Amino acid sequence: MSRSRHDEGTFGLVRANLRRDRVRIGVWIAGITAMVAVSAQSVKALFPTQADLDAAAASSDNPAIVAFQGPPYGLDTVGGQVAFQIGAPGLVLVGLMALLQTGRLTRSEEEAGRLELVRSLPVGRHAPTLAAGIVVGAMCLAVGVLTALALALQGLPLAGSVCFGVGYAAVGAVFMAITLVTAQMSENPRVANGMAGLALGASFILRAVGDAGENFLSWLSPIGWSQQTRAFADERWWPFLLSFGATALLFVVATKLENHRDLGAGLVAPKAGADRATPRLSSPFALALRLQRGSVATWAGGTAALALVYGGLTSAIEDFIDDNPQLEDFFAQTGGDVADITSSYLATSAQVTALIGSGYVIQSVLRLRSEETRERTEPVLATATSRWRYWVGHLGVAVGGALVVLLLSGLVLGISSAAVMGDGSLFGDGVAAVLAYFPAVLVMAGVPALTVGLFPRFSAVAWAMLMLTFVVSFFGTLLELPDWVLAVSPFDHIALVPVETMSVASVTGLCLVAAALLGVGLATYQRRDIPA
């Protein structure tokens with residue numbers, strides 16, 4: 001087959017993908033653009049004078065904050081503050097957009113059998129991959145152009161605005177290409193997306209460690225490449241060569257790998273199962289645990305690695321205070337306690353870790369729907385297994401797995417922070433800080449349970465809850481969001497342990513909300529049709 005035949009039908013698939021996902025694509029692009037525009041406006045309002053900008057720059061340039069936000073370039077300007085405040089979290093959001101949409105257009109389509117129908121037509125072998133790359137690449141380009149335009153229209157320097165927008169587009173392109181490669185590795189879309197998600201998490205950790213320690217590790221991260229362009233601070237354009245070079249290389253690798261596998265299969269073949277199940281698999285809970293044990297291990301390992309990095313950077317807070325006696329005097333004069341800075345850092349680290357870990361529970365609950373669409377639920381329910389036992393088995397694994405993810409992260413955060421500080425009391429603070437978010441994670445489990453029961457075709461909208469919580473946690477203050485929007489996020493009702501004391505009323509309220517969501521989800525799941 002000639003090369004042109006491999007590409008045949010690409011633009012027809014592009015049109016089909018755009019038509020089918022036009023709402024989803026529009027929401028992603030509009031949401032990210034609006035976030036950047038409103039954030040820039042908020043930064044301008046937050047720092048109205050040069051003295052405000054200078055004070056903010058002096059208090060932001062320390063390793064712990066740099067680990068969260070990114071390298072501190074041009075912090076004495078509005079543009080530099082915009083890039084610093086929404087740089088790292090925004091880049092993670094764009095990377096997440098790219099990997100989720102790429103996974104949806106490639107491996108998920110293949111699993112659902114739609115690509116088999118498409119390939120029965122005169123469509124080339126690489127056409128679906130190329131079409132997915134074009135669609136997601138166009139999404140990244142649109143995000144880059146619109147964010148640059150939004151910043152420039154607010155009076156920020158044009159060169160810096162363009163550099164910032166290109167940075168967003170570049171990181172999205174890299175993770176689009178990474179997901180095209182992982183989609184060739186496994187026949188399971190969750191595994192393929194999970195591998196791309198691990199790459200995104202590793203990219204964030206490398207950037208955090210590299211920027212905080214001012215070493216080469218940030219240059220191993222696609223997120224670091226975009227931030228090293230120094231938008232609004234004497235821009236450097238050559239790091240984009242790394243991003244777009246890696247994108248092109250990974251794209252070629254994806255098409256080469258695609259030549260070596262069959263449609264519907266992955267390069268890494270799953271192990272054949274036993275002819276007969278062991279007695280240990282005789283319950284719905286055991287079956288769900290067997291199906292999701294790899295996911296639990298992956299999420300637990302990823303969040304624990306992040307907790308290890310954050311815990312290891314705890315000493316940087318103390319070093320920063322020791323190196324800046326004026327800042328210590330400032331805290332003393334304002335009635336603050338320097339010791340609270342370490343506690344606040346632990347609380348923030350725990351919040352970020354728990355937020356990322358809550359992605360596991362959403363993915364785990366949505367497994368109910370994916371098992372259904374793959375027509376594996378109906379044979380199970382054809383046995384003596386009742387619906388509620390099947391549902392409870394999956395939810396039990398999701399909630400139990402979330403507890404494991406949080407507990408392991410808390411242990412790692414506590415041990416690492418206590419070790420670097422030589423203060424054993426930080427161990428308990430770290431564990432308590434992360435576990436405090438368990439009631440909020442229960443609510444996060446209730447949202448997909450509700451959508452799977454009530455709106456099975458649209459159950460994936462449960463991810464919107466994670467996006468909302470992400471935006472509220474990172475940008476809520478900056479965007480000056482109204483209280484009712486902040487209240488929608490369950491994480492907003494959790495006290496910042498160990499700085500604050502847990503509220504019994506908040507915990508009780510969150511548990512009641514979670515129980516209501518789970519109850520309605522179970523009731524509706526039992527009454528609706530399960531496709532065979």
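The 33 positive and 38 negative charges of the chain have mean positions that lie 20 Å apart. Keep in mind while reading that this is a predicted model.

**Overall build**

How many helices and strands does the chain have? The secondary structure comes to 24 helices and zero strands. With a radius of gyration of 24 Å, close to the 24 Å that the globule rule gives for 532 residues, the chain is as compact as a globular protein of that length. Taken along the principal axes, the box filled by the C-alpha atoms is roughly 70 × 55 × 40 Å.

Of the 532 residues in the chain, 51% are buried. If you look at contacts between residues at least 6 apart in sequence, 78% of them join residues at least 24 apart.

**One side of helix 20**

Helix 20 spans residues 425-435, and its buried residues are L426, G430, V431, A433 and V434. These residues cover an arc of only 160 degrees around the axis, which puts them on the same side of helix 20. There is a handy rule to recall here: an α-helix has 3.6 residues a turn, so residues three or four places apart point the same way.

**Contacts across the sequence**

M97 sits in helix 6, which runs over residues 78-112. Is M97 buried or exposed? M97 counts as buried because its relative accessibility is 0%, and the cut-off for buried is under 20%. Leaving aside neighbours within four places in sequence, M97 is in contact with W28, I32, M139, C140 and V143.

V118 belongs to helix 7, residues 114-119. Not counting residues up to four places away in sequence, V118 touches L13 and V123.

| Pair | Separation in sequence | C-alpha to C-alpha distance |
|---|---|---|
| M97 and C140 | 43 residues | 8.8 Å |
| V118 and G9 | 109 residues | 9.5 Å |

**Backbone points worth a look**

Most residues other than glycine have a negative phi, and most peptide bonds are trans.

The loop between helix 11 (222-227) and helix 12 (239-258) holds R230. Phi of R230 is near 60 degrees, a positive value in a residue other than glycine. F232 is found in the loop between helix 11 and helix 12 as well, and its phi, near 70 degrees, is also positive in a residue other than glycine.

Which residues does the cis peptide bond join? The bond links V497 and P498, with omega at about 10 degrees. P498 lies in the loop between helix 23 (483-488) and helix 24 (504-527).

How values were computed:
Residues numbered from 1 in each chain as written. Predicted model: local features only at pLDDT ≥ 70, side-chain atom pairs only at ≥ 80, totals over all residues. Heavy atoms only, no water. Helix = DSSP H or I, 4+ residues; strand = E, 2+ residues; numbered from the N terminus. Rg over C-alpha atoms; globule rule 2.2 N^0.38 Å. Buried < 20%, exposed > 50% of the residue type's maximum accessible area, 1.4 Å probe, protein only. Contact = heavy atoms within 4.5 Å. Lys, Arg positive; Asp, Glu negative; His and termini not counted. Charge placed at Lys NZ, Arg CZ, Asp CG, Glu CD. Arc of directions from axis to C-beta.
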